[in-house]
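The following report describes the fold of one chain and its contact with a second chain.

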Amino acid sequence: MSGVRVLVGTVKGAFVLTSDGKRKEWKVEGPHFGGLEIYHLKGSPADPNRIYASQSSDWFGQVMHRSNDGGKTWDTVGNEFAYDGDAGTHQWYDGTPHPWEFKRVWHLEPSLTDPDHVLAGVEDAALFESKDGGQTWQERPGLRGHGSGPNWAPGAGGLCLHTILLDPTNDDRMYIAISAAGTFRTDDGGKTWRPINKGLVSEFMPEPTAEVGHCVHRIAMHPSAPEVLYMQKHWDVMRTDNGGEEWHEISGDLPSDFGFVVDVHAHEPETVYVIPIKSDSEHYPPEGKLRVYRSRSGGNEWEALTKGLPQKDCYHNVLRDAMDVDNLDPCGVYFGTTGGQVYVSADSGDNWSPIVSDLPRVLSVEVQSLS
Amino acid sequence: MIRVVLPYHLRNLAGVGKEVSLEVEPPVTARSIVDSLEAAYPALRGTIRDQTSLERRPLLRYFACGEDVSHRPDDEVLPAAIADGREAFLIIGAIAGG
């Protein structure tokens, strides 16, 4: 019997939501780590019972947890994230040099094949990895040291490495995204990196088409078409067909092309989902209507998905790591809001319902499809 | 034995009650207490002080015999009542946040 497990990180703990393949009846477990911010949880594709969790707070700093039983019990693992060598400086908000300082782990990306191998995207932006199940962490310094690092500047949420995409067809290729530096690619397993931001235009920058400095909110890939990436930039929804060599805009007829999330249907590489947000000054849905927009043509033509979603007086946001899909048939789509709702659509977005309505502010949503 | 009182979340993280007892070699200082605490409960590493700089996290304070000793040198010898366990060394989290 197939099923799904939804891992939800919130500002007051982690929740684990489970259901069978129908995705109608849900069991809610949690909060785990009650009262503490859980930025992200993610399970290993190689062993779904191995789950990693990032806990971060201003009081107690970064703490890492690992579960070996699908989130029922947790062990604390290593939390020392030391930059490689002389950390150097990046730009501060006012343009002055600022020392690189570790603050938190934003995103965890377990290896596709080894449950003990996991990557971590952190603030201040860098890529770390553990090969011993999270006990120890080492920086992969090629990214931060590739040359443009001193020019990176934080977005409003901090200088965060928030997205890591592994190419399932090429062990040496990986993509990451940083706010507000842009998107980067390695073709040699992380030894060397280069920015891949050609085609991005950010009007808030002195040089709108600069090589780095773009506030990329999220990128997404379908595993069967790893050369095609979709991006929700600060403003603009973008697409590349050649691994980031060049991007073009696919915002088309969206009511707003500001937003945070973007994701791809599990079985249809040209079906894309975004949730438009009114503006960078007004982080809530346009007209108070919470609408997921779906394109079945890889962008430009979008349809509003509204059935089951609040269509008046809704002023929540959906943060960048708070949308995911399952790989059941039909594909399930999930997202969490800053108002504490986690919504599911078990039919690719046509109909929606809340799994839970009163959680704390949702920071991340990850879905595991279980056989 | 040195007695140490931990804030709520650190008790949960270490899997202990409100107060723990530690063997600490003299001289007993804030540094030696936290060193011993982290050695006894590795899950607490990095939660009270930064692992690299060893600076106390800004939203935590140390109290000894009713006095805030947070801003004193970490190697300053603490009162005898802390060293002989008559008084507990308090690690207190800021009452703040939503």
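Helices and strands are taken here as DSSP runs, of at least four residues in state H or I for a helix and at least two in state E for a strand, numbered from the N terminus. On that basis chain A has zero helices and 30 strands. The model is predicted, and the values below are computed from it.

**Overall dimensions of chain A**

The C-alpha trace of chain A spans about 50 × 45 × 40 Å along its principal axes. Because a compact globule with 371 residues would have a radius of gyration near 21 Å, the 19 Å of chain A agrees with that expectation. Of the 371 residues of chain A, 53% count as buried, and, among the contacts in this chain between residues at least 6 apart in sequence, 49% join residues at least 24 apart.

**Strands and their pairing**

One open sheet of chain A consists of four strands in the order β3-β2-β1-β30, and the pairing is antiparallel. Its edge strands are β3 (27-32) and β30 (362-370) of chain A, each of which pairs on one side only, while the twist from one strand to the next averages 15°. Within this sheet, strand β2 (residues 13-20) of chain A is joined to β3(A) by four bridges, and the two run antiparallel; the bridge partner of A:Leu17 in β3(A) is A:Val28.

Which strand of chain A is mostly covered? Strand β14 (residues 160-166) of chain A is, with six of its seven residues buried, where a buried residue has 20 or more other C-beta atoms within 10 Å of its own. Six bridges join β14(A) to strand β15 (residues 174-179) of chain A in an antiparallel arrangement, and A:Ile164 has A:Ile176 as its bridge partner in β15(A).

| Strand pair | Bridges | Direction |
|---|---|---|
| β2(A) and β3(A) | four bridges | antiparallel |
| β14(A) and β15(A) | six bridges | antiparallel |

**Contact between the chains**

The contact between the chains takes 12 residues from chain A and 14 residues from chain B. On the side of chain B that touches chain A, the largest share comes from helix α1 (residues 8-14) of chain B, which contributes three residues. The residues on this side of chain B divide into six nonpolar, six polar and two charged.

Note on methods: Residues are numbered from 1 along each chain as its sequence is written. Chains are lettered from A and ligands numbered from 1 in the order in which they are written. This is a predicted model: local features need pLDDT of at least 70, side-chain atom pairs count only at pLDDT 80 or more; totals for chains, interfaces and linings use all residues. Two residues are in contact if their C-beta atoms, placed from the backbone, lie within 7 Å. Ala, Val, Leu, Ile, Met, Phe, Trp, Tyr, Cys and Pro count as nonpolar, Asp, Glu, Lys and Arg as charged, and the others, Gly among them, as polar. Two strands pair if DSSP finds at least two bridges between them. Axes are lines fitted to C-alpha atoms, for helices over the stretch in contact, and angles run from 0 to 180 degrees between N-to-C directions. The radius of gyration is taken over C-alpha atoms; the globule rule is 2.2 Å times the number of residues to the power 0.38. A residue is buried if 20 or more other C-beta atoms lie within 10 Å of its own, exposed if 12 or fewer, and partly exposed in between; C-beta atoms are placed from the backbone.
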